[in-house]
Amino acid sequence: MKELGTKMEKRLLLAMMGGFPSHDTASRLLTATERNLASPPFLPDPILYNQAGKPVRFFSDLMKGKVVIINMMYTMCKRMCPMNIKRLREVQTELGDRMGRDVRIYSLTLRPEEDSSAALAEYADQYDVGPGWSFLTGRPRDIDSIRRKLGFFNTDPVVDADLANHTSALHIGNVGQDRWMMMPDSSAPATQVISAINAIC
């Protein structure tokens with residue numbers, strides 16, 4: 001959870017209050033705000049399975065305290081997925097030794113009924129995926145819960161159900177600091193993705 005104790009954040013809090021209370025009053029307000037923000041993670045924590053077949057908890061094992069890039073895909077996707085995965089492969093290269101150490105990539109299948117761990121492993125091999133990049137499957141209801149929490153859905157249920165037109169957006173997050181951004185354009189170059197990562201670190 002992002003700490004709120006900096007001088008800048010105190011000034012912002014005072015500005016929102018429209019006044020200039022004493023230092024003690026400001027400190028008490030900051031403490032109360034921190035207590036309110038210190039809530040359980042908003043992300044679900046189901047068990048998923050990576051391309052090696054290893055069971056992992058989505059929040060506890062994969063997300064907590066990490067900088068992440070998340071996208072939605074499925075192995076039989078022929079339109080947006082290949083372009084998006086190739087872009088992420090370029091991001092992996094650009095990150096160098098930061099990949100798997102400072103930054104993780106998670107690709108969640110939209111078709112968990114069809115995309116087993118073995119199918120995801122074969123798919124990952126096609127793109128020479130390296131350490132720090134996990135392809136994830138699990139129970140359909142768990143995948144659906146995660147994608148909705150992350151904003152990977154269309155408010156029109158008919159459009160949302162059409163996997164052929166699923167979003168190619170990337171969700172980039174610094175989970176430890178609760179800082180997030182969505183990069184909707186799959187044509188954005190890898191360097192732009194790297195800039196977005198650096199901006200939230």
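Predicted model: local features only at pLDDT ≥ 70, side-chain atom pairs only at ≥ 80, totals over all residues.
Just after helix H5, aspartate 128 takes a positive phi of about 55 degrees. Helices (H or I, at least four residues) and strands (E, at least two) are DSSP runs here, numbered from the N terminus. Residues are numbered from 1 along each chain as its sequence is written, and side-chain values use heavy atoms, with hydrogens and water left out.H5 itself spans residues 117-126, and its buried residues are Ser117, Leu120, Tyr123 and Ala124; buried means under 20% relative accessible area, exposed over 50%, and partly exposed in between (1.4 Å probe, protein chains only). These four cover an arc of only 120 degrees around the axis, which puts them on the same side of H5. The arc is that of the directions from the helix axis to the C-beta atoms. An α-helix has 3.6 residues a turn, so residues three or four places apart point the same way. Over on the other side of H5, Ala118, Glu122, Asp125 and Gln126 are exposed. The cover over the buried residues includes strands E1 (47-49), E3, E4 (103-109) and E5 (133-136), along with helix H4 (80-95), where contact means heavy atoms within 4.5 Å.

E4 and E5 run parallel and are joined by four bridges; two strands count as paired if DSSP finds at least two bridges between them. Tyrosine 106 has serine 134 in E5 as its bridge partner. Going from E4 through H5 to E5, the chain makes a right-handed β-α-β crossover, meaning that, with the strands pointing away from the viewer, the path from the first strand over the helix to the second runs clockwise. E5 is covered on both faces, with Trp133 and Phe135 buried on one side and Ser134 and Leu136 buried on the other.

Strand E6 (residues 170-174) is largely enclosed by the rest of the structure, because five of its five residues are buried. In a regular strand the side chains alternate between the two faces of the sheet. For E6, one side carries Leu170, Ile172 and Asn174 and the other His171 and Gly173, and all of them are buried.

E6 also pairs with strand E3 (residues 67-73), in the antiparallel sense and over four bridges, with valine 67 opposite asparagine 174. Strand E7 (residues 179-183) runs antiparallel to E6 and is joined to it by five bridges, and methionine 183 in E7 is the bridge partner of leucine 170. The hairpin of E6 and E7 has four residues between the strands, and there aspartate 178 takes a positive phi near 55 degrees.
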